[in-house]
Amino acid sequence: EVIFSLKSNDEIIKQYPFLFELNVTYRLVENKLTCHIKVKNTDHQPIYFQVGGHPAFACPFMENESSNDYYLEFSENEICNRKIIDVEKRGMSENIALKSLNHDKSIVFHMNGFDHVGLWAAKHVGGLIAIEPWVGHADYTDFNGEFKEKESCVELPVGKNFEVEFAVEINQ
């Protein structure tokens, strides 16, 4: 287990004008790596934020395979709305599995508390697929409001915590 902590300071306040504590805990138990994200409002007013993960996976898993041999399987039937910023809006799936047509090895990506997921493959790096859980996302091309007005922006009351978690399960 490893815990990364970040607290607001004079330099951060120049870019993000709220007082907070952020703890990101990674825990490895057998074949599952869990990432727990906790935000605490230490300010005297509500704070506004968005948070998410940026995990990417090597694909294909084995030599002599192609990424074309792989597919993503959602735990529920999904209707994804493609946005201008290429965001796939999440329905009710709690996990997405990266599976092969050739063998039973897989990666199952579990999500708890996130309202969006970004899916993308790297053209220039080759062999990477990202499954990114988000609370909030980058601006739409036509957005011109305040940060707190962004879709899925969290308003966290004074002294309260906000927690989400994702996990990567490797099946061999």
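Mentor: Let us begin with Glu-30, which is found in the loop between strand 2 and strand 3; helices (H or I, at least four residues) and strands (E, at least two) are DSSP runs, numbered from the N terminus. This is a predicted model, in which local features need pLDDT of at least 70 and side-chain atom pairs count only at pLDDT 80 or more, whereas totals for chains, interfaces and linings use all residues. Residues are numbered from 1 along each chain as its sequence is written, and side-chain values use heavy atoms, with hydrogens and water left out.

Trainee: Why does Glu-30 count as exposed?

Mentor: Buried means under 20% relative accessible area, exposed means over 50%, and partly exposed lies in between, with a 1.4 Å probe and protein chains only. Glu-30 has 75% relative accessibility, and therefore counts as exposed. Glu-30 also has a positive phi of about 50°, although it is not a glycine.

Trainee: What value does phi take in Asn-64?

Mentor: Phi of Asn-64 is near 65°, a positive value in a residue other than glycine. Asn-64 sits in the loop between strand 6 and strand 7, and because its relative accessible area is 82%, Asn-64 is exposed.

Trainee: Which residues does Ser-67 touch, not counting residues up to four places away in sequence?

Mentor: Ser-67 touches Cys-59 and Pro-60 under that condition, where contact means heavy atoms within 4.5 Å. The C-alpha atoms of Ser-67 and Gly-127 are separated by 6.7 Å, although these residues are 60 residues apart along the chain. As for Cys-59 and Pro-60, the peptide bond from the former to the latter is cis, with omega near 20°, and Pro-60 lies in the loop between strand 6 and strand 7.

Trainee: What is the order of the 7 strands in the open sheet?

Mentor: The order is 1-2-3-14-10-9-7, with antiparallel pairing. Strand 1 (2-7) and strand 7 stand at the edges because each has a single partner strand, which leaves one side of each without a neighbour in the sheet. Within this sheet, strand 2 and strand 3 are antiparallel and joined by 10 bridges, and Leu-22 has Val-39 in strand 3 as its bridge partner.

Trainee: How many residues does the largest nonpolar core have, and which of them have the most contacts inside it?

Mentor: A nonpolar core is a set of buried Ala, Val, Leu, Ile, Met, Phe, Trp, Tyr and Cys residues joined through side-chain atoms within 4.5 Å. The largest such set has 31 residues, and those with the most contacts inside it are Ile-37, Phe-49, Phe-57 and Phe-162. Several strands each supply at least two residues of this core, among them strand 9 (95-100), strand 10 (106-112) and strand 14 (161-171). The largest share, 4 residues, comes from strand 14. Leaving aside neighbours within four places in sequence, Phe-49 is in contact with residues including Tyr-16, Val-39, Phe-147 and Phe-162.

Trainee: What percentage of the 172 residues in the protein do buried residues make up?

Mentor: Buried residues make up 36% of the 172, in a protein with 1 helix and 14 strands. Among contacts between residues at least 6 apart in sequence, 59% join residues at least 24 apart.

Conventions
Pairing = 2+ DSSP bridges.
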